[in-house]
Amino acid sequence: MAPTIQIITLGLGHAPAPDTDLPLIDMRPYLDPHIDPNMRQRTALDQDVVDHVLTTPGVREHLDRAVADIINYATGPGRNQANITVATACTGGRHRAPAAGMRIAALLLNRGWTVDLHHRDLNRPVIER
């Protein structure tokens, strides 16, 4: 039985990341929709936010590498655990991390993996900076 890939999206400004099987997929280096006042209160459940994140230079390549790493880990020798946990992170957990988590989930689902996606901080208040 193939493992379930659990993806947690989060904002490091709210709380530390949980323990995961692979290193944190850090989205903080990429352009933050938060800087646009029109997107600040929106979330990755809004298509314009997702489009903004996924068209940021380097993001798709970063997420493709993360998917390859997840699959390599999940299919590696001795891997028969029921779940593998990974996390995507940004500062507030409302824009970049959930958009990345949704993209990773879609890519894995398209490859036949079972995915459990959880947005830890998506509905938390905006972190003002």
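User: Which strand does Thr 9 lie in?
Analyst: A quick note before we start: this is a predicted model, where local features need pLDDT of at least 70, side-chain atom pairs count only at pLDDT 80 or more, and totals for chains, interfaces and linings use all residues. Residues are numbered from 1 along each chain as its sequence is written, and side-chain values use heavy atoms, with hydrogens and water left out. Strands here are DSSP runs of E with at least two residues, and helices are runs of H or I with at least four, numbered from the N terminus. On that count, Thr 9 belongs to strand 1.

User: Which residues is Thr 9 in contact with, leaving aside neighbours within four places in sequence?
Analyst: Contact means heavy atoms within 4.5 Å. With those neighbours set aside, the partners of Thr 9 are Thr 88, Ala 97, Pro 98, Gly 101, Leu 117, His 118, His 119, Arg 120 and Asp 121.

User: Which elements do the buried residues of helix 3 pack against?
Analyst: Helix 3 covers residues 96-110. Its buried residues include Ala 97, Pro 98 and Gly 101. The buried residues of helix 3 pack against strand 1 (4-11), strand 2 (25-26), helix 1 (47-54), helix 2 (59-74), strand 3 (83-90) and strand 4 (114-119).

User: How does Ala 68 count, and what separates its C-alpha atom from that of Leu 108?
Analyst: Ala 68 is found in helix 2. At 35% relative accessibility, Ala 68 counts as partly exposed. Ala 68 and Leu 108 are 40 residues apart along the chain, and their C-alpha atoms are separated by 9.5 Å.

User: What radius of gyration does the protein have?
Analyst: This one is taken over C-alpha atoms, and the globule rule is 2.2 Å times the number of residues to the power 0.38. For 129 residues, a compact globule would come out near 14 Å, and the protein agrees with that, having 14 Å.

User: In what order do the elements run from the N terminus on?
Analyst: The protein has three helices and four strands. From the N terminus on, the order is β-β-α-α-β-α-β.

Technical notes
The expected span of a helix is 1.5 Å times one less than its number of residues. Buried means under 20% relative accessible area, exposed over 50%, partly exposed in between (1.4 Å probe, protein chains only).
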